[in-house]
Every structure is written in structure tokens, then in C-alpha cells.
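Subject: Structure handover and findings

Dear colleague,

Please find below the structure I am handing over to you, followed by an account of what was found in it. I would be grateful if you would read the two side by side.

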Amino acid sequence: MADLDLIYPALSDLRKKAQKRLPKFAFEYLDSATGTELGAKRNRAALDQILFMSDILKGPLNPQLETTFLGQSYATPFGIAPLGFSGVIWPNAEQHLARHAAVANIPYCLSTVATQTPEEIGPIAGKDGWFQLYPPKDEAIELDMLDRIKSNGFETLIVTLDVPGESRRERQRRALLTLPFRFTPSIMWQLISHPHWSLAFALNGVPRMKFMEGYERKLDGGGDNFVHVGRELRAYPDWDHLKRLRKAWTGPMIVKGILDHRNAKRLAKEGVDAIWVSNHGGRQLEAAPASITELPKFKDAVPDMPLIFDSGVAGGLDIMRALSLGADFVMLGRAWHYALGALGAKGAAQCHNILSEDMMANMKQIGAEKLSDIPTRLYPVTSA
């Protein structure tokens with residue numbers, strides 16, 4: 001990894017390369033938030049407020065990143081979050097990421113609206129496969145989905161709850177990305193001007209939401225350029241729907257996209273096994289608070305509930321910040337896909353290398369050899 005590490009030593013380098021290599025519509029789909037993107041900026045600003053004090057005279061340190069989450073051992077306290085339609089970033093994106101996760105022993109979470117199916121990805125991910133569900137409206141469809149998910153090796157179900165309606169994501173719209181995919185003159189020019197990406201897709205075909213297509217019915221988009229089979233079939237679940245899912249799913253169930261800690265105790269009573277604290281990376285509600293500022297409130301509300309964190313994580317230091325404020329595990333979505341966009345199939349390994357090396361370097365600086373050594377007493381930013 002030495003040569004790549006000189007060229008791409010940080011996630012920001014992978015992002016920059018991905019922006020050059022991908023057509024504008026693909027990059028904007030990955031990179032954009034909603035509104036004027038203040039929500040995404042708020043995530044970054046809040047993370048930057050969390051400081052550690054350096055330590056001295058600790059002798060040689062060999063930081064260890066291994067951890068256990070929901071009874072399973074992982075090589076690192078971070079994994080690969082779901083990204084819908086991720087195959088638009090790179091052909092077979094889900095397959096590349098699942099394969100890396102299996103080799104690296106970290107979780108990979110496949111989206112309901114992925115471009116590859118549970119049947120294709122489950123055997124690759126193995127014990128490290130999680131499945132993220134957008135609950136469908138139809139109960140029979142939901143039960144069939146759960147059966148397919150379970151029978152293909154996914155033991156952990158992630159139920160996403162922070163999409164009660166569609167966000168606009170204006171940058172994505174300005175880039176003229178439509179779902180279903182349309183070959184407009186602007187899109188054709190983007191393809192011509194990015195031949196490496198276009199050749200890769202010419203060999204693999206136009207990405208489709210293959211899992212959802214099996215349940216497709218006639219769609220009536222009413223002129224909306226973002227109506228697709230996943231959106232059409234999706235429910236907007238309530239507490240009764242959550243009860244139904246908990247009864248139907250026999251393995252660990254995690255609820256994703258929870259930002260208000262006042263829901264935590266009720267979620268625990270409903271039998272969820274972990275809470276995923278997230279504001280969807282600023283992609284849903286621009287006015288939402290930064291996820292990291294809400295994380296400690298969950299630890300106070302349900303101290304025995306395992307917590308996952310995401311939103312705005314840009315390196316190993318941010319992972320440490322989340323762990324210090326109560327997270328048991330951290331998931332990243334955009335980072336892994338910047339890596340695919342920049343380097344193709346070999347990008348996941350470089351992303352993993354950046355995150356691990358950054359964590360270990362910073363753990364040495366603060367005198368932490370184990371994850372449990374990362375302090376929970378943090379230092380606020382003070383004016384100069």
C-alpha cells in the first residue's frame with residue numbers, strides 16, 4: 001500500500017480523485033447533501049470541536065483496533081454503511097465492498113436499493129454481511145424479502161427510519177441524474193468526457209435496483225424524475241410496523257437514523273438490539289443537529305444499548321471522537337465509495353488502510369493502546 005499511501009494519504013485525496021474520474025451526476029449523487037448543505041457542514045464543525053489531550057512517557061505503544069459488537073468480533077470498530085444505488089459509482093460496487101469486508105473482517109451493509117441482490121452478495125459477505133431494509137408497504141412482500149435476506153446469510157437487519165419522505169438534494173438534481181436512468185444530451189456528454197468510467201459501465205451494463213425489481217408494479221411517477229421502484233414500494237413505517245418487523249426477524253435488529261434520544265427507551269422496549277445514531281449525513285433534513293452532539297444523550301438515556309454512529313466521518317480521528325462520546329461502532333458510507341470512484345476495485349483496501357493508520361497514529365499521540373483507553377473526558381475548543 002506504500003505507493004498508494006503517498007498519493008492518497010487521506011480520504012480527501014480519494015474524494016478529489018473520484019470527483020475527477022466520475023461523471024458529474026455520479027459524483028453529485030454520492031457527495032451531495034440537501035438544501036444549502038448546512039447540515040453536512042454542521043456535522044463537520046461539531047466533530048472538529050471534539051479535542052483530545054496528548055500524553056507522554058507511555059513507552060512503546062502498539063494500538064489494537066479489535067472489538068466486539070453484538071457478540072461478533074471485528075478487526076476494527078468501523079465498517080461499511082449502506083449506500084443505495086451504489087453501483088452508479090463503480091460497477092459491482094457492492095461486490096467489491098463485500099469482498100473486502102469479508103477479507104478484512106468488518107461489517108458490510110447491503111442496501112435494499114442496491115444494484116446487486118442478496119443472492120449475489122450474501123455468499124461473498126458471509127458472516128460480515130448486514131442488510132439495510134427500507135420496509136415495503138406490502139406485508140407479503142416484506143416477509144418474502146426477509147426470507148430472501150435470511151436465507152442468503154444475512155443475520156443482522158438494519159431498519160432505516162429517517163426517510164419519512166423524500167429529500168430534494170438539489171445538487172443531485174442540478175447534475176440531471178434521474179431515476180430511472182435517462183440518456184439525455186447532458187448525460188451523454190458526461191459519459192463521453194469520462195471514458196474510463198464509461199468503458200467500465202459499458203462492460204457491465206446500466207445499474208439497476210435489481211432486488212426491488214422482483215417486486216415491481218406499474219409506476220406512475222406523475223412527472224417526478226426521482227420515482228423508482230424502491231421509492232414506489234417503500235412504506236413510511238410507524239411503531240406498529242416496527243413491532244411487526246421485530247416479530248418477523250429472528251436475528252439482531254438495529255434501527256438506523258435515530259437522532260432524538262427521547263425515542264431511545266421506547267425502542268429498547270420494542271426489542272431492538274442496537275441504535276444507529278445518524279442524520280443521514282445531512283442528506284435528509286438540513287436543519288437537523290449534528291449527529292455527534294446528540295450521541296452522548298443516547299448513552300445517558302439507554303446506557304446498556306449498543307450504539308452505532310455515522311455522519312460526517314472523515315478519518316480515523318473522527319472514529320475515535322465518536323467512540324469517546326459513547327459509540328460502540330462507527331459506520332462510513334461516502335468514504336468507501338470515494339475510494340471506489342478513485343481507484344476502482346482496489347479502493348476499499350486503501351480506504352481501510354487510511355482509517356486504520358489514522359486511528360493508530362492518533363491513539364499513540366494520546367497514549368491509548370486499546371479502544372477502551374480512548375478517554376471519555378474531552379477538551380472543548382477554546383478561543384485563541
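A residue is called buried here when its relative accessible area is under 20%, exposed when that value is over 50%, and partly exposed in between. By that cut-off F52, with a relative accessible area of 18%, is buried. Please note that the model is a predicted one.

Confidence

The protein chain averages a pLDDT of 90, and 91% of the residues score at least 70. Over residues 218-227, pLDDT stays under 50; the model has 17 contacts beyond four places in sequence for that stretch. Where pLDDT is low, the predicted coordinates should not be read in detail.

The nonpolar cores

The largest nonpolar core holds 102 residues, of which L14, I275, I292 and W336 touch the most other members. Helix α17 (residues 334-343) supplies the largest share of this core, with seven residues. Another core lies apart from it and has twelve residues, including F69, A81, I158 and M331. In soluble globular proteins, nonpolar side chains tend to be buried together.

Which residues does I292 touch, not counting those up to four places away in sequence? They are A46, L47, I50, F309, R321, A322 and L325.

A342 is a residue of helix α17. Its relative accessibility is 3%, so A342 counts as buried. Leaving aside neighbours within four places in sequence, A342 is in contact with L14, K17, A18 and R21.

Helix α16 spans residues 316-324. Eight of its nine residues are buried, and α16 is therefore largely enclosed by the rest of the structure. The buried residues are G316, D318, I319, M320, R321, A322, L323 and S324.

R321 has a relative accessible area of 8% and so falls in the buried class. Setting aside neighbours within four places in sequence, R321 is in contact with R44, L47, D48, I50, F52 and I292. R321 is 42 Å from L203, C-alpha to C-alpha, and the two are 118 residues apart in sequence.

F52, one of the contacts of R321, lies in the loop between β1 (50-51) and β2 (67-69). The C-alpha atom of F52 is separated by 9.6 Å from that of M320, although the two are 268 residues apart along the chain.

Just after α16, G326 takes a positive phi of about 120°.

Positive phi at residues other than glycine

N92 has a positive phi of about 60° although it is not a glycine. N92 is found in the loop between β4 (78-80) and α5 (93-104). Is N92 buried or partly exposed? At 28% relative accessibility, N92 counts as partly exposed.

H280 is not a glycine either, and has a positive phi of about 60°. H280 lies in the loop between β9 (274-277) and α15 (291-301). With a relative accessible area of 13%, H280 is buried.

The packing of α7 and α13

Helix α7 (residues 139-151) packs with helix α13 (residues 239-248) at an angle of about 35°, and their axes are 11 Å apart. The crossing of α7 past α13 is right-handed. On the α7 side, the contact is made by E139, E142, L143 and L146; on the α13 side, by H241, R244, L245 and A248. By class, this contact has four nonpolar, one polar and three charged residues. An α-helix has 3.6 residues a turn, so residues three or four places apart point the same way.

Yours sincerely

Key:
Residues are numbered from 1 along each chain as its sequence is written. This is a predicted model: local features need pLDDT of at least 70, side-chain atom pairs count only at pLDDT 80 or more; totals for chains, interfaces and linings use all residues. Side-chain values use heavy atoms; hydrogens and water are left out. A nonpolar core is a set of buried Ala, Val, Leu, Ile, Met, Phe, Trp, Tyr and Cys residues joined through side-chain atoms within 4.5 Å. Buried means under 20% relative accessible area, exposed over 50%, partly exposed in between (1.4 Å probe, protein chains only). Helices (H or I, at least four residues) and strands (E, at least two) are DSSP runs, numbered from the N terminus. Contact means heavy atoms within 4.5 Å. Axes are lines fitted to C-alpha atoms, for helices over the stretch in contact, and angles run from 0 to 180 degrees between N-to-C directions. A crossing is left-handed if the near helix is turned anticlockwise from the far one by less than a right angle, and right-handed if clockwise. Ala, Val, Leu, Ile, Met, Phe, Trp, Tyr, Cys and Pro count as nonpolar, Asp, Glu, Lys and Arg as charged, and the others, Gly among them, as polar. pLDDT is the predictor's confidence in each residue, from 0 to 100.
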